[in-house]
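Hi everyone, thanks for coming.

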Amino acid sequence: MIITLLANLRRAFGPWAALLLLPSLLTLSACAPDPNAAAEVRVQVEPGELVFHPDTPPVRVTIINEGQRPVPAQGFRISGNDWAAFSIVEPLNPRMVMPGRSMSFTIAADAPTFKGTAVPSVVQAEREAAEELDPEAYREGQAVLEFNVAGKEHAVPLRFEDPSWIITTLLPGVLKVMLLVMGFIMPLASLLLWQERKQSAMMQDRVGPNMARITLGGITIRLWGLLHIATDGLKMFFKEDFIPRRAHRALYTLAPVMALMPALVVFAIVPFGDALCYEHLFDVVRQADVDQCAAGRGGTPLQVAHIDIGLLFYFAIASLATWGATLAGWASYNKWAILGALRASAQMVSYEVAIGLTIVGALLVYGTLEPHALVHAQLESSWGILLQPVAFILFFTAAIAETKRAPFDLPEGESEILGYFVEYSGMRFGLFFLAEFIEVVFVSALVTTLFLGGWALPLDMFGASGFAAPWVAQLFFTVAGAGIAATGIAVWRASKHAQFVGASMLAIGVLHVCVAIYSLFTGWGTELPHLMVVVVGMLTWGIKVFALCWLQLLIRWTLPRFRYDQLMSLGWKGLLPLSLANIAITAIVVYALSAAGTITPAPAPGEDPATIANQPGAAP
Amino acid sequence: MTITVKKVSLQRTAADQIFLPAILRGLVTTARHFFKNTLTKGMGDVDTIRYGEPDVHVEDYYPERFRGVHRLMHRDDGSVRCVACMCCSTVCPARCIYIHAEDRGGDEEKAPKSFVIDELKCVVCGFCVEACPCDAIRMDTKRHMHPTETRADAVLGKIDLMKRGTTSVAQQGGVGADYRSTDPKADPRFEHDRR
């Protein structure tokens with residue numbers, strides 16, 4: 001397939017193929033060190049702005065010396081309106097910061113100072129004297145942390161606020177749910193309805209669905225039958241809604257909802273990006289700022305529910321999905337349906353054990369159950385697929401079994417006219433169908449989070465403020481652009497209907513290469529606006545999830561189904577012992593490494609080693 | 001000739017038991033087909049005839065001897081070639097051809113007063129075409145019987161059948177280049193025929 005791709009590339013570009021290599025060559029030449037860098041003083045302060053809420057523990061400020069020579073840091077003081085409310089926790093003496101190192105100290109805010117009854121600062125008192133202040137309400141406060149590094153004054157704004165529950169939780173929560181469900185899950189799940197048919201056709205040398213079309217203003221749009229998504233949905237809605245005569249009507253109606261709901265609810269724990277800082281959308285921010293936003297101060301984590309027990313929540317909710325299948329089978333008053341339901345519940349219970357135990361290995365390595373923190377832990381060490389390859393394979397297998405699709409589609413048994421939803425028709429059946437595809441998306445999202453580094457690009461090439469170095473940006477854009485362009489040309493040549501799509505892809509690819517060339521001359525790429533970084537992170541996450549969905553469909557249409565005893569023996573005699581062995585070996589290795597001091601166990605939350613000693617910084 | 005016995009080990013190797021290498025090989029095979037069919041011109045290995053596409057005429061793909069819906073051929077003067085000899089209705093295994101004969105007048109042969117084919121009964125065997133002595137009935141329309149709203153619509157009469165027909169080039173009365181110009185008995189294929 002690679003040869004086919006290359007052949008297409010060569011046929012499409014001909015001698016011009018060499019031009020594609022040009023940006024990469026120029027990139028290499030741009031890697032020469034800048035002679036002026038040695039004398040330059042480059043100091044970075046993280047975070048750029050400190051936001052405090054009433055219950056915020058002391059916040060750490062880090063000064064990183066990114067230059068080539070030691071710089072003195074001195075004159076730490078807090079000024080501004082509410083200077084009295086903020087304090088530097090440790091006494092700070094003037095000190096030198098060595099190149100490539102950092103110093104850090106913590107700032108605390110005294111929350112009661114901002115309460116209505118407390119004496120506000122002079123300016124604030126004059127301004128709000130006339131207003132009735134609620135004695136229990138906090139007011140906003142501002143101050144500035146100032147210090148002097150190498151003769152240059154630095155000022156870090158300090159902000160105290162007490163936003164309402166609506167601002168911090170409800171509004172972003174609703175927006176994130178809408179973004180995730182309406183903007184990603186539902187479109188992708190409906191796309192999979194069509195992709196399943198089309199991809200299986202392509203894998204089996206068939207044409208697949210391609211006849212749905214719409215004519216707008218004389219132009220017929222077909223898009224490889226993409227419109228079958230709409231026609232399938234319409235068909236579902238207009239089919240007869242059949243309920244067997246002796247079925248339990250209430251449970252029969254409830255079952256599809258019970259199948260769909262858990263599949264959607266578990267998405268709450270999946271982080272689809274790092275964090276969004278409301279007030280710095282077009283600024284360049286650092287990881288410390290993003291972390292502050294992820295903690296909910298001045299921003300929101302791109303994850304619907306930031307809960308510490310994240311993965312346990314997933315197990316709890318995913319177990320509920322068994323209800324949908326079991327209720328559907330039982331309420332249908334059909335012996336084949338209840339047989340399917342029995343199979344479904346037995347299979348899901350069996351594989352839930354394997355799923356839970358396979359994750360334990362990853363949890364031992366990363367030391368957290370919270371998916372957002374798990375992704376960060378992966379970025380700090382390396383991706384889960386590298387540290388826990390066995391767990392990855394076991395988890396992926398067990399998770400596919402949880403979705404009840406081939407080769408694990410025993411509960412459904414299309415070929416045996418057996419299954420928990422044999423009696424369902426119309427949109428009720430459609431809900432089961434949709435739930436299945438949402439589970440496919442969810443499995444992909446969870447594998448991405450646990451093993452594939454979530455929203456991050458590989459090899460630390462893309463951080464909170466942009467690409468790691470200009471040449472990384474150039475390389476990325478060149479390779480991505482060439483890939484997109486080559487695919488676009490292949491699509492263009494593949495069929496007449498696809499010419500427009502192929503041309504668009506080609507244009508996007510060429511645009512990427514143009515960006516790479518632009519970066520080559522300007523060094524662009526290391527300092528990107530926050531919004532762009534967030535969008536790139538979400539796109540990366542989406543592409544990973546989509547690729548895994550594709551892989552799942554590939555597996556579903558490649559492997560034949562198991563016999564029921566084979567299914568059970570794979571679950572109990574294959575995955576379970578292997579995952580136990582994985583836990584044991586991982587535990588031994590983690591213990592040995594931490595005893596040897598090679599790795600340090602993650603600090604418990606709240607425990608903040610407030611040291612002002614020189615630490616190895618994040619600077620290169 | 002020596003008989004060689006190829007011994008096949010039924011013992012599964014470790015690679016067989018963990019399934020993964022075999023699964024990966026399978027996935028690579030299907031993925032290769034997927035990418036070949038999506039990214040190469042003319043959809044790679046897909047050789048499906050795109051029946052139903054606006055520029056695809058399925059008649060172009062049917063073999064010459066394809067048997068479709070019937071038609072009745074015309075004489076030079078536009079009248080039906082059929083002489084109501086009843087060969088086709090006699091040979092028809094489905095009994096779906098109904099002919100009422102009438103006198104054509106003058107010296108000529110009979111003609112069908114009505115010629116009815118029930119296409120729902122027809123088994124599309126083509127015996128009627130083979131039995132016809134004067135090239136009157138043919139099934140070379142390269143069209144399937146189209147679906148109808150009522151069963152009665154699928155019963156085709158003489159007008160329907162002749163609408164599809166054209167003037168036959170075969171000479172009426174056995175003169176010309178058709179199979180009757182040679183003695184059938186001379187054909188060795190007919191020697192065993194005891195009828």
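Let's start with helix α9 (residues 335-366) of chain A and helix α12 (residues 389-402) of chain A: their axes come within 9 Å and cross at roughly 155°. That makes α9(A) roughly antiparallel to α12(A), a label for angles over 145 degrees, while under 35 counts as roughly parallel, 65 to 115 as roughly perpendicular and the rest as oblique. Axes here are lines fitted to C-alpha atoms, for helices over the stretch in contact, and angles run from 0 to 180 degrees between N-to-C directions. Helices are DSSP runs of H or I with at least four residues, strands are runs of E with at least two, and both are numbered from the N terminus.

A quick word on where this comes from. This is a predicted model, in which local features need pLDDT of at least 70 and side-chain atom pairs count only at pLDDT 80 or more, while totals for chains, interfaces and linings use all residues. Residues are numbered from 1 along each chain as its sequence is written, and chains are lettered from A and ligands numbered from 1 in the order in which they are written.

Back to our pair. In which hand does α9(A) pass α12(A)? The crossing is left-handed, meaning that the near helix is turned anticlockwise from the far one by less than a right angle; clockwise would be right-handed. Among the residues that meet are Tyr351(A) and Ile355(A) in α9(A), and Leu394(A) and Phe395(A) in α12(A). Residues are in contact if their C-beta atoms, placed from the backbone, lie within 7 Å. This contact divides into 12 nonpolar, 3 polar and 1 charged. Nonpolar covers Ala, Val, Leu, Ile, Met, Phe, Trp, Tyr, Cys and Pro, charged covers Asp, Glu, Lys and Arg, and the others, Gly among them, are polar.

Now stay with α9(A). Its 32 residues should span 46 Å at 1.5 Å a residue, and its end C-alpha atoms are 46 Å apart, which agrees; the expected span is 1.5 Å times one less than the number of residues.

α9(A) has another partner, helix α17 (residues 564-596) of chain A, packed at about 15° with the axes 8 Å apart. That makes α9(A) roughly parallel to α17(A). Here too α9(A) passes in a left-handed crossing, and the contact has 17 nonpolar, 8 polar and 1 charged residues.

Next, helix α6 (residues 249-265) of chain A packs with helix α8 (residues 310-331) of chain A at about 160°, axes 8 Å apart. So α6(A) is roughly antiparallel to α8(A). The contact includes Leu254(A) and Met258(A) of α6(A), and Leu320(A) and Trp323(A) of α8(A). By class, this contact has 19 nonpolar, 1 polar and no charged residues.

Finally, let's zoom out. Chain A is divided into domain 1 (38-162) and domain 2 (170-464 + 554-596), with bounds from an automatic or database domain assignment. Their contact takes 8 residues from domain 1 and 7 residues from domain 2 of chain A. As for the chains, 21 residues of chain B are in contact with 21 residues of chain A.

Definitions and conventions:
Two residues are in contact if their C-beta atoms, placed from the backbone, lie within 7 Å.
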